[in-house]
Amino acid sequence: MKLKSFMLLLFIIPFLCTAQDNVKYVGSSKQSIIVEYFNAGYGVNQRNFHFVDYLHDKVVNALRYTDRVNVGEVNDIMELRAYSPNNNNPVEYMRNRYDIMNKQGYYYSLECDVSRIDARWEESSKKWVGVTSYTIKLIDTRTGNTAYSLKYNEKDSEYRNEVPEKAITYSLDYVGSRIRTFIFDNFRIQGQILQVISLKKEDEVKEVAINVGPENTAQKGTKFEVYIISKFAGQETTKKIGEIKIEEVKGAQLSLAKVTKGGKEIKIAADKGETMMILSAKSGFWDSF
């Protein structure tokens, strides 16, 4: 089972900090996330515990689908399966647990507190409404701090169906697109434009070579924003000047990209010899499906 058989994690992490705004860049290798057992709160009836496992599997599959991060599960690590909770010192228990994950190469632990899974009858529609509420946290195992926190209330996931079990299942299915959006937006691929390959016009770039590819989890169709880096009053600043999209992968960390926006600005920056950083674009609506 992916559901914790004990409830202490709902209350025992006072040393965790609030969410930070740091974007994690994907360099030459992927970040690694390990998915913890999920916690069921008092709002989850025992008859619905199997839906917590269902939610766990949906999250794992969504993470793997992105191909942006390496994904592991605590069941894969014997030390974590055998590590029993210390009710006398729960904070130390979690610190030791994160230490095990960190030594295994997992710098982030994905945890989920499920506060409600249920179905209620709606007289107006003559259907059951699946209502689910849960909070997903990404913990930095090196510090124990919360890197990100995503909270979904009942109104965010309502789904109606004639069968209560299906209403709950479909309500939980929303998590897939949410996880994919979260990963694409917060684990972004970073690289540089290496050189201009071709021009659309004399003063406008058509195609560029970039230093990212499959080894950076980039592939044909991956979109990037283009930035120039400069200094102002002793501080480093960035300015977005364009957008590109990979048209052809040439090597592990080499691709050709078409300029979709800002071709003239990119030409000016190239002529000046400025360093142009690229950052994978955040997910749009259709990227979530």
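The structure is a predicted model, in which local features need pLDDT of at least 70, side-chain atom pairs count only at pLDDT 80 or more, and totals for chains, interfaces and linings use all residues. Residues are numbered from 1 along each chain as its sequence is written, and side-chain values use heavy atoms, with hydrogens and water left out.

Let me begin with the chain as a whole. Six helices and 14 strands make up its secondary structure; helices (H or I, at least four residues) and strands (E, at least two) are DSSP runs, numbered from the N terminus. Of its 289 residues, 48% count as buried, that is, under 20% relative accessible area, whereas exposed means over 50% and partly exposed lies in between (1.4 Å probe, protein chains only).

I turn now to the interior. A nonpolar core is a set of buried Ala, Val, Leu, Ile, Met, Phe, Trp, Tyr and Cys residues joined through side-chain atoms within 4.5 Å. The largest one has 34 residues, and L55 is among those that touch the most other members. Helix α1 (49-66) and strand β2 (31-35) are among the elements that each supply at least two residues, and α1 gives the most, with seven. Another core, of 19 residues, lies apart from it and includes V205 and I244.

Finally, consider two residues in loops. D67 sits between α1 and β4 and has a positive phi, near 60°, although D67 is not a glycine. K126, between β5 and β6, also has a positive phi of about 60°. D67 is partly exposed at 38% relative accessibility, and K126 is partly exposed at 48%.
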